[in-house]
Amino acid sequence: MRWILFLRLSILLLLLSAALAPAAQAQSVQITLGPDEIGENQSWTITVTVQNDRLKSYDNFPDIDGFRKRGQSTQSTTNIVNGQVSSAQSVIMTYAPTKQGTFTIPSFTMKVNDKPVNVPGKKVRVGPPLQQQQQQRDPFRTFFDRPSDDFFGSGDTEFVDIKEDAFLALTTSKDEVYVGEGFTTTLSFFVSQENRAPLQFYEPGRQLVDILKKIKPSNCWEENFNIENIEGENVKINGRDYMQYKVYQAVYFPLNNETINFPSVGLEMIKYKVAKNPSFFGQNRKEDFKKFFTKPKRVVVKELPPHPLKDVVAVGDYRLDERIRHTDLETGQSAGYNFNIFGEGNISSIEKPATHNDDKFEFYEPNVRQDITRQNNRITGTKSFSYFMIPKEPGQYKLGDYFQWVFFNPKEKKYDTLKSKLIVTVAGESKKNEAIQSSDLGNFYNKIDNADNTLKTMADTRWQKWAFNAFVLVMLGATAYLVFKKPTT
């Protein structure tokens, strides 16, 4: 039996050396394709590996004819050799063959950490299931007895289902909001740090399309966080450590006071059964599926308090940042003024402040710019209104008399007004008379106010009617004469 043990150790060393050899030659970013030949019951993979850097972003994995995506997983390693630290992060997409045959993997390009990586294609042969191949081609069966068969895993394997410590949850940042007040909705998969059941995502993109059709409320404005990569985040729930994987996150802003009801939705995951008696070379886990469901969720929407503008005001926590180059102005000379509203809320719904023209100022329609930031479970941003104004009369003026913006603050539960605090001084000659002169439309238009607007019949036109009737009679007589005239013989 010593020579059997020696042979096993030799095979183990060869496998370890073969596995470690490519690692020494790894590049900073590497995309590795699976083997050239697999069994119909085996998986094929594409692995993206980043050395000595964090895997921040990557494109979608390609769709391959003859294969279907079964989900992705991540790995990370850190090595310290002679005081030198090296690390690697990998994401692995698993594909399952749909049938036997030879399939062509076309060349493709993936962007990893904002850098394109070209991957040459190859051919992959999908043969009969692996167990049939082992029974026909396993060379060790002629040399080893039954105990060694169990060691290499060629015998029948019994798989058991391990209870998972994980759940799917749809959470909201608030249970009660005002009309127009935003609340964050998150769909996450939570896995306990003590979980022993192997789990893996299964086509989350495809499943998410169906899930969103069920949970998106029709009476809300949506600001989507657009989660592209599902990454884990350590959280504590009731004193226990969990890994949270956010699948979807958005902030909803109700447009009316209808109660929002989120139904229960399910997410199917790959859950592996594990071998009851694991072997070194054998299949130690078996792929299976389990669907996890959320609990229904309800968010109550309240009407805003009474106010003349309650149907048009924005809702949120806002501040004013106003900018003007000079507060000393000249009559007839245009000046720029920025009214910038910033804070947390539905930035897209912010309307321009209320302004009015008079004999002191003339204001033009503003240029509008908005910047929205979706971060830390919140929607924040700025909406800027850039005005051009022309002062007409010299004097000192408060811009607060011209620029005001009303909103409802749900934190304070009251209406508030953003009002300019700037005071400008206008010098120069009065331009009011010039404005009046430029708007003078002439003597003809001045007579309009004094003209009689009573409806009157036009001048007598009876002679035109008699002339027209006589012409018609003459034409009828001429026609009758031509019809009834006897022909000359």
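# A walk through the predicted model

Start by selecting Lys413: in the hairpin of S29 and S30, with four residues between the strands, Lys413 takes a positive phi near 60°. This is a predicted model, where local features need pLDDT of at least 70 and side-chain atom pairs count only at pLDDT 80 or more, while totals for chains, interfaces and linings use all residues. Residues are numbered from 1 along each chain as its sequence is written, and side-chain values use heavy atoms, with hydrogens and water left out. Strand and helix labels follow DSSP runs numbered from the N terminus (helices are H or I, at least four residues; strands are E, at least two).

**The hairpin**

Now select 404-409 and 414-419. These are strands S29 and S30, and they pair in the antiparallel sense over six bridges; two strands count as paired if DSSP finds at least two bridges between them. For a landmark, pick Val406 and look across to Thr417 in S30, which stands opposite.

**A three-stranded sheet, S23-S31-S28**

Move to the open sheet with strand order S23-S31-S28, where the pairing is mixed. Which strands stand at the edges? Strand S23 (328-330) and strand S28 (395-398) do; each has a single partner strand, so one side of each is left without a neighbour in the sheet. From one strand to the next, the twist averages 30° (axes are lines fitted to C-alpha atoms, for helices over the stretch in contact, and angles run from 0 to 180 degrees between N-to-C directions). S23 and strand S31 (residues 423-427) run parallel, joined by three bridges. Glu330 is a handy pick here, as Ala427 in S31 stands opposite.

**Another one, S2-S9-S6**

Next comes an open sheet of three strands in the order S2-S9-S6, with mixed pairing. Strand S2 (37-39) and strand S6 (101-105) are the edge strands, each pairing on one side only. Neighbouring strands of this sheet are turned by 25° against each other on average, direction ignored. Show S6 with strand S9 (residues 122-127): they pair in the antiparallel sense over five bridges. Ile105 has Lys122 in S9 as its bridge partner.

**Around Pro116**

Select Pro116 in strand S8 (residues 115-119). Is Pro116 buried or exposed? Pro116 counts as exposed because its relative accessible area is 59%; buried means under 20%, exposed over 50% and partly exposed in between (1.4 Å probe, protein chains only). Leaving aside neighbours within four places in sequence, Pro116 is in contact (heavy atoms within 4.5 Å) with Thr109, Met110 and Lys111. Draw a distance to Asp59, 57 residues apart along the chain, and the C-alpha atoms are separated by 9.4 Å.

Then click on Asn113, in the loop between strand S7 (108-112) and S8. Asn113 is not a glycine, yet has a positive phi of about 50°. With a relative accessible area of 14%, Asn113 is buried.

Glu203 is worth a click too: not a glycine, but with a positive phi of about 45°. Look for Glu203 in the loop between strand S14 (199-201) and helix H4 (204-215). Glu203 is buried, at a relative accessible area of 17%.

**The largest nonpolar core**

Here a nonpolar core is a set of buried Ala, Val, Leu, Ile, Met, Phe, Trp, Tyr and Cys residues joined through side-chain atoms within 4.5 Å. The largest has 28 residues, and Leu187, Phe189, Ile215, Tyr248 and Phe262 touch the most other members. Elements giving two or more residues to this core include S11, strand S13 (183-192), H4 and S17. Centre the view on Leu187: leaving aside neighbours within four places in sequence, its contacts include Leu168, Leu170, Ile211, Tyr248 and Val265.

**Rings**

Finish with the aromatics. How many aromatic pairs are there? The count comes to 26, taking rings of Phe, Tyr and Trp (its six-membered ring) with centres within 6.5 Å; planes under 30 degrees apart are stacked, over 60 edge-to-face and the rest tilted. Phe167 and Tyr242 make an edge-to-face pair, 5.7 Å centre to centre with 75° between the planes. The pair links distant parts of the chain, with Phe167 in strand S11 (residues 166-172) and Tyr242 in strand S17 (residues 240-254), 75 residues apart. Phe167 is partly exposed at 29% relative accessible area, whereas Tyr242 is buried at 7%.

For a group view, select Tyr337, Phe339, Phe361, Phe363, Tyr387, Tyr397, Tyr402 and Phe403, which form one aromatic cluster. Last stop: Lys302 lies over the face of Tyr178, at 4.2 Å from the ring centre (the rule asks for NZ of Lys or CZ of Arg within 6 Å of the ring centre and within 35 degrees of the ring normal).
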